[in-house]
Amino acid sequence: MITNKDMAAQTAEFLLTVKAVKLNNEHPFTWASGRKSPIYCDNRVTLSYPEIRTFIRQRFTETVRETWGDVDVIAGVATGGIAQGALVAQELGKPFVYVRSEQKSHGLTNQIEGEIHEGQSVVVVEDLVSTGKSSLIAVKALREKGCVVKGMVAIFTYGLQVAADNFKAENVELHTLTDYDTLVAVARERDYVRPEDFESLARWRENPERWSDERMGC
């Protein structure tokens, strides 16, 4: 049986190999917030690789079964968690819904797409967690429907303290397949980044805002 440590390392290896996660200290990426970062993550790329897609689906499925047992519904967070969530629901033989970041402004104005009922237990599937804000919006929407959110699974977390604080405040149990520290360790071992860049990567992990401000000359 695969251990959590082996799973984290293998997931990180997959993400780096297919460039779902990119590390570039010299030419940092710009996030939607405008902040600069040496890391960019797009886990939707993994869906194009059957071996990796299956690996992620199976690890998610095992985590749901081992952590929460039988649940009523699997919910994906739009948009990155929709495909992965549907795969997990199929594997578990459970209904699937997905949750938008906000209600639609037209039609039925749904925020949750699919059939779900008050009192049902739900596990949420996400592709990655940064601050946790968008992920927890989905949790709030499900709870407002009267559902019992057992927890959340995600492929990757940046491991930021703000995310840990946000999940704790909302009493949501989070399990991820891999994380920033594991990813950087695997990248170092496989020579994906230069040794001299690791200090900068560690400083970003410690304080992303300050690292970004330094790069933007603030």
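1. Helices α2 (residues 50–68) and α3 (residues 80–92) pack at about 60°, their axes 9 Å apart. Helices here are DSSP runs of H or I with at least four residues, strands are E runs of at least two, and both are numbered from the N terminus. Axes are lines fitted to C-alpha atoms, for helices over the stretch in contact, with angles from 0 to 180 degrees between N-to-C directions. The pair is therefore oblique (under 35 degrees is roughly parallel, over 145 roughly antiparallel, 65 to 115 roughly perpendicular, the rest oblique).

2. The model is predicted: local features need pLDDT of at least 70, side-chain atom pairs count only at pLDDT 80 or more, and totals for chains, interfaces and linings use all residues. Residues are numbered from 1 along each chain as its sequence is written, and side-chain values use heavy atoms, without hydrogens or water.

3. Pro-50 sits in helix α2. Its relative accessibility is 49%, so Pro-50 counts as partly exposed (buried is under 20%, exposed over 50%, partly exposed in between; 1.4 Å probe, protein chains only). Lys-133 is 83 residues from Pro-50 in sequence and 30 Å away in space, C-alpha to C-alpha.

4. Six strands make an open, mixed sheet, ordered β7-β6-β5-β8-β9-β10. Pairing requires at least two DSSP bridges between two strands. β7 (112–113) and β10 (174–179) are the edges, each pairing on one side only. β6 (residues 96–99) runs antiparallel to β7, joined by two bridges. Val-99 faces Ile-112 of β7.

5. Helix α2 packs on this sheet, touching β8 (121–129), β9 (148–157) and β10. Contact means heavy atoms within 4.5 Å. The direction of α2 makes about 145° with that of β9.
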